[in-house]
Amino acid sequence: MQPLEGIGRLCHKYDCLLIVDAVASLGGVPLFTDAWELDIVYSGSQKALSAPTGLAPITFSPRAWKRLTKRKTKVSSFYLDAASIARSWKIDCEKQGYHCTSPSHSLLGLRESLRCLAEEGIENVWERHRKVAAKLWELGEKSGIRWFVRDEKLRLPTVSLLEIPAHIRDWGMLIRYLHKEHNIQMFGGLGPSNGKVWRVGLMGWNATMKNAHVLADALAKGLAYCSARAGKSRL
């Protein structure tokens with residue numbers, strides 16, 4: 001999890017904008033867009049917000065919006081034309097425009113998920129994710145799992161990275177095992193971490209102590225299975 005406090009101020013000192021990917025963090029960890037001077041923050045409705053898929057919440061600071069409205073080149077994608085989308089919501093314009101038919105069912109689902117978050121209390125939601133992740137990390141370490149991010153303070157509570165042991169050459173074996181034997185989905189790393197880590201998430205309404213225990217037990221059994229198949233009796 002990238003610490004953000006102070007970075008926005010530094011970016012503005014050199015007339016830069018700070019764009020933050022909060023797809024797996026919004027709703028699961030503290031995120032203070034204005035206080036941290038973040039210019040553009042985007043996320044996904046289906047992650048820690050526990051809403052239906054298909055929506056990408058996004059926010060622009062006044063600085064970012066000014067830069068956007070003064071661009072000199074035409075937006076290459078109609079669907080990513082933020083100014084056109086804003087006009088359809090009658091934002092920063094006198095006459096409302098049309099962009100597309102709004103997915104009303106998805107918006108209502110997002111509204112309900114936000115109502116649930118407000119009912120639980122956002123600080124309580126953050127704390128729930130923190131405690132559940134800490135329990136998963138604790139149980140995993142007891143069974144021999146090595147977490148890719150060593151410093152617990154820098155780990156993202158919603159998504160945990162398991163280090164792939166060197167003797168397990170077929171890292172997809174664990175993914176297949178968990179799906180077949182425990183009905184649990186997990187994935188490998190992205191970019192430079194591909195082939196080095198597995199990614200597994202406990203977020204939104206899945207972030208419970210019960211699920212932390214279930215997942216830790218399934219991971220321990222899965223790694224033992226993979227190690228045995230790799231000719232090893234232990235990690």
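Start by selecting Arg-155 and Trp-137: the charged end of Arg-155 sits over the ring of Trp-137, 5.0 Å from the ring's centre. Keep in mind as you go that this is a predicted model.

Next, pick Arg-128 together with Trp-205. Here too a charged end sits over a ring, with Arg-128 placed 5.4 Å from the centre of the Trp-205 ring.

**Aromatic rings**

Now turn to rings that pair with rings. A pair of this kind is described by how far apart the centres are and by the angle of the planes. The model holds five aromatic pairs. Select Phe-32 and Trp-36 to see one of them: the centres are 5.3 Å apart and the planes meet at 85 degrees, so this pair is edge-to-face. Phe-32 is partly exposed, at 39% relative accessibility. Trp-36 has a relative accessibility of 17%, and it counts as buried because the cut-off is under 20%.

Trp-126 is buried, at 16% relative accessibility. Show Phe-32, Trp-36 and Trp-126 at once and you have a cluster linked by ring pairs.

**The largest pocket**

Select Ala-24, Leu-156, Val-159, Ser-160 and Met-203 next. Of the 44 residues lining the largest pocket, these are the closest to its centre. The pocket's volume is about 1,400 Å³. Colour E1, strand E4 (159-163), strand E6 (197-201) and helix H7 (209-229), each of which supplies at least two lining residues. By class, the lining of this pocket has 29 nonpolar, nine polar and six charged residues.

**The second largest pocket**

Move on to the second largest pocket, with a volume of about 1,100 Å³. Centre your view on Ala-56, Ile-58, Ala-82, Ile-85 and Trp-89, the closest to its centre among 33 lining residues. Elements giving two or more residues to this lining are E3, H2, helix H3 (82-88) and helix H4 (104-120). The largest share, five residues, comes from H3. The lining divides into 22 nonpolar, seven polar and four charged residues.

**Last stop**

Finish at Ser-61, in the loop between strand E3 (58-60) and helix H2 (62-69). Is Ser-61 buried or exposed? Ser-61 is buried, with a relative accessible area of 13%. Leaving aside residues up to four places away in sequence, Ser-61 touches Leu-38 and Asp-39.

Conventions. Residues are numbered from 1 along each chain as its sequence is written. This is a predicted model: local features need pLDDT of at least 70, side-chain atom pairs count only at pLDDT 80 or more; totals for chains, interfaces and linings use all residues. Side-chain values use heavy atoms; hydrogens and water are left out. Helices (H or I, at least four residues) and strands (E, at least two) are DSSP runs, numbered from the N terminus. Buried means under 20% relative accessible area, exposed over 50%, partly exposed in between (1.4 Å probe, protein chains only). Contact means heavy atoms within 4.5 Å. Rings of Phe, Tyr and Trp (its six-membered ring) pair if their centres lie within 6.5 Å; planes under 30 degrees apart count as stacked, over 60 as edge-to-face and the rest as tilted. A charge sits over a ring if NZ of Lys or CZ of Arg is within 6 Å of the ring centre and within 35 degrees of the ring normal. On a 1 Å grid over the protein atoms alone, a cavity is a set of points where a 1.4 Å probe fits but cannot get out, and a pocket is an open set with protein on both sides within 12 Å along at least five of seven lines; lining residues have an atom within 4 Å of a point. Grid points are joined across faces, edges and corners, and a volume is the space filled by probe spheres set on the points. Ala, Val, Leu, Ile, Met, Phe, Trp, Tyr, Cys and Pro count as nonpolar, Asp, Glu, Lys and Arg as charged, and the others, Gly among them, as polar.
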